[in-house]
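Trainee: I would like to learn how to read a few features of a fold. Please take them one at a time.

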Amino acid sequence: MTPVEEGRPRALLAGASRRWVRLLPWAVAFVLCVVLLPTTIVVLTADYGLNGGVASALAVAQSAPLLLAVVRPLHAWYVVFAADVAGALALLGVDFEQRLLWPFPPMELVGYVALCLALGLRERRRTLVLVWLATAGANVGLGFAAPHGSSAKELLFTILGGVALLLGGVLRERYEVQRRLAEQETISEAERGRRTLLEERARIARELHDVVAHHMSVITVQADTAEYRLAALPPDVREEFTSIAATARESLGEMRRLLGVLRNEEAHGELAPQPGLAQIGQLVEATARTGGPVEFSPCDAEVPEAVGLSAYRIVQEALANVVRHAPGAATHVSLSVSRPADGQDGGHPAEGQGHPADGRGGERLTVLVVNDPPPEPPAGPLEVGGTGHGLVGMRERVRLVGGTLDAGPLPDGGFRVAAQLPLTEEDLT
């Protein structure tokens, strides 16, 4: 059913996944050619009384093109159709019994029906209609010259050919519809993934805007009030503080203009201070209230706000997934700060994301969320909508701070999320 691509014709069913299906058209064509070639010669000479040389030539012209039909069915049809019509005209010159089928003997019908099926699997609807009209026209035209009178059985050539064309066309169009649906599903899945990534990046940008805006505001206030808080400042120092305040205000304004488009009418709640490590305990308590036991090992270390926010969002999404997909499962949440030399890596990083050490030697915050299998398989998700992050959002947040993430199912049926986020300034990327 695969059409001609880049000027090079492909065999029928060449796109099938199984090898025996791809070889099936060749096998059928070979069997038909081997069977019909001698059968046509014998029938035309013995039953119809046609000359042996003419019968052999007609048999070759009517059977051999069936092999070509696997790749170029329309070209094969030109040869076979002309040979069938020529054979019907040749039979007008001999005396055969009235019981014998004319203008197209049975073996010609078999080959022509197989050829029409190949045409239906390859050609477009317009071509199939023209082929059938040519078939019907030849059949009706030859009927006026019937040596023994016309009968309904002489229309078998047109009827069977039309049925084969219709069947092949239906199968081809069904295949095309399924192929396009599969392509559309693939495109839709890619678009969903891309949209999720863009939405998460926009959310991260909004949150970082709030974090950075706070610090920039503090810098502006401190620089503006320095001359009032610090006595006897030299004029050049006072001018320097004024320049710092002006630059900070300008940078803050530029950042707000650039990132303001990421805020919408639904984003007002995100103007509140962004959460960090201190708020993870509240997440754990909220999850425990849903009925699932949660063990929490907190960490009181001072971490950059971007790292704390990323850790909070990772734990938030991981716990939300536990509630949705493993309700009632025992969950373990731990936060710890370690150095690669300590050997406490919190798990192996995912392939392609590097190793926590990376030769940089900086401290890292390890975020580990592990849940056991649920006591009972859930009938379905308990929440229709999540926080909107998912593994895509987790990986994007980890990538933002130059960390690593390892997330995946456990052999016992549980799930594990392990993230390592660098804390030193030289490691933050």
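Trainee: Across which strands does helix α9 lie?

Mentor: This is a predicted model, in which local features need pLDDT of at least 70, side-chain atom pairs count only at pLDDT 80 or more, and totals for chains, interfaces and linings use all residues. Residues are numbered from 1 along each chain as its sequence is written, and side-chain values use heavy atoms, with hydrogens and water left out. Helices (H or I, at least four residues) and strands (E, at least two) are DSSP runs, numbered from the N terminus. Helix α9 (residues 280–289) lies across β1 and β2 (331–338).

Trainee: In which order do the five strands of the open sheet come?

Mentor: Two strands pair if DSSP finds at least two bridges between them. Here the order is β1-β2-β3-β5-β4, with mixed pairing. At the edges are β1 (294–297) and β4 (404–409), each pairing on one side only. β4 and β5 (residues 415–422) are antiparallel, over six bridges, and T404 has Q420 in β5 as its bridge partner.

Trainee: Which residues of α4 are buried?

Mentor: An α-helix has 3.6 residues a turn, so residues three or four places apart point the same way. Buried means under 20% relative accessible area (1.4 Å probe, protein chains only). In α4 (residues 73–91), the buried residues include W77, V80, F81, D84 and L91.

Trainee: Where is there a cis peptide bond?

Mentor: Most peptide bonds are trans, and most residues other than glycine have a negative phi. A cis bond joins W102 and P103, with omega about 15°. P103 sits in the loop between α4 and α5 (106–122). L13, not a glycine, has a positive phi of about 60°.

Conventions: The expected span of a helix is 1.5 Å times one less than its number of residues. Buried means under 20% relative accessible area, exposed over 50%, partly exposed in between (1.4 Å probe, protein chains only). Contact means heavy atoms within 4.5 Å. Axes are lines fitted to C-alpha atoms, for helices over the stretch in contact, and angles run from 0 to 180 degrees between N-to-C directions.
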